[in-house]
Amino acid sequence: MIRQRFILLALGVLTLARLALLPLAELSPVEAHAALCSQQLDLWHPITGPLLPLLMRLGSAVFGLNEFGVRFFAPLLMLGSGWLVWKVSLGLFDATTA
């Protein structure tokens, strides 16, 4: 049985589950600091760098400055990285191993 056709469906279901679990836990101290840094207009922040506050700013602009808005892009980035790992392993190995 070839399970390759179910990989995108499984990744999609996993991403929906991750999105549903986002607002259940409080922000960690690092996330809270990055959320505060995202409200400033600086380009570089010593602990978080430039990308994390930018993604938090975009997420919190749409969904508000809460747990869901701060963490919105995390499951989408995990979806993209999981799909890319699968594509790389599909290119390196046969379909059964990937």
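**Phenylalanine rings and a loop threonine**

Phe63 is partly exposed, with a relative accessible area of 35%, where partly exposed covers the range between buried (under 20% relative accessible area) and exposed (over 50%), computed with a 1.4 Å probe on protein chains only. The model is predicted, so that local features need pLDDT of at least 70 and side-chain atom pairs count only at pLDDT 80 or more, whereas totals for chains, interfaces and linings use all residues. Residues are numbered from 1 along each chain as its sequence is written, and side-chain values use heavy atoms, with hydrogens and water left out.

Rings of Phe, Tyr and Trp (its six-membered ring) pair if their centres lie within 6.5 Å, and the planes count as stacked under 30 degrees apart, as edge-to-face over 60 and as tilted for the rest; by this rule there are 4 aromatic pairs. In one of them, the ring centres of Phe63 and Phe72 are 4.6 Å apart and the planes stand at 45 degrees, so this pair is tilted. Phe72 is buried, at 17% relative accessible area, and also forms a tilted pair with Phe68, at 5.8 Å centre to centre and with 55 degrees between the planes. Phe68, for its part, counts as partly exposed at 23% relative accessibility. Together with Phe73, the residues Phe63, Phe68 and Phe72 form one aromatic cluster.

Thr48 lies in the loop between α2 (29-38) and α3 (51-63), the helices being DSSP runs (H or I, at least four residues) numbered from the N terminus. Thr48 is buried, with a relative accessible area of 14%, and, neighbours within four places in sequence aside, is in contact (heavy atoms within 4.5 Å) with His33, Ala34, Cys37 and Pro53.

Technical notes. Helices (H or I, at least four residues) and strands (E, at least two) are DSSP runs, numbered from the N terminus.
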